Amino acid sequence: MGIASCGNCRFCDMEPETAEHLILDCPAICRRRLKALGSIYVDRDLITSIAPSKYLEFFRVLGLWEYMCCRRGHNRVIKFLKTHHNFASPQISNMSTSVY
């Protein structure tokens, strides 16, 4: 999510740290992804079946909650979720204001 000093993922140091990388395929956080999202690796086709609140919990479990509470981090995750979820979802629409 661009908060690691070198730009690479703080957990695996293999790819840029983005919401997409953390949610879909970072190999270093499989157990935490399983605990928060219910799957070791999230298939792109299943992104919409996971409640948005679970994604917020996932970032809390990763220790990125403080980053999520700043507008820049929050907006990046919301943008990713809106790309993959139905724009009309009340959970996603409300997320943009509920953290502040």
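This note covers the salt bridges and one surface patch of a predicted model.

1. Basis. Local features need pLDDT of at least 70 and side-chain atom pairs pLDDT 80 or more, while totals for chains, interfaces and linings use all residues. Numbering runs from 1 along each chain as its sequence is written, and side-chain values use heavy atoms, without hydrogens and water.

2. Salt bridges. The count is three, with a salt bridge defined as a side-chain nitrogen of Lys or Arg within 4 Å of a carboxyl oxygen of Asp or Glu.

3. Arginine 10 and glutamate 17. Their side chains form a salt bridge at 3.0 Å, N to O. Glutamate 17 is buried at 2% relative accessibility (buried is under 20%, exposed over 50%, partly exposed in between; 1.4 Å probe, protein chains only). Arginine 10 is partly exposed at 41%.

4. Glutamate 20 and arginine 44. The N to O distance of this salt bridge is 2.0 Å. Glutamate 20 sits in helix α1 (residues 19-24) and arginine 44 in the loop between α2 and α3, so the bridge ties together parts 24 residues apart in sequence. Helices are DSSP runs (H or I, at least four residues), numbered from the N terminus.

5. Glutamate 57 and arginine 60. This salt bridge spans 2.5 Å, N to O. The two residues are three apart in helix α3, about one helical turn.

6. Surface patch. Leu34, Ile40 and Tyr41 make a nonpolar patch of about 270 Å². Patch members have over 30% relative accessible area and no salt bridge; nonpolar side chains (Val, Leu, Ile, Met, Phe, Trp, Tyr) are joined within 5 Å, like charges within 9 Å. Areas come from the Shrake-Rupley method with a 1.4 Å probe; for residues, only the protein chains shown count as cover. Tyrosine 41 lies in the loop between α2 (30-37) and α3 (52-61).
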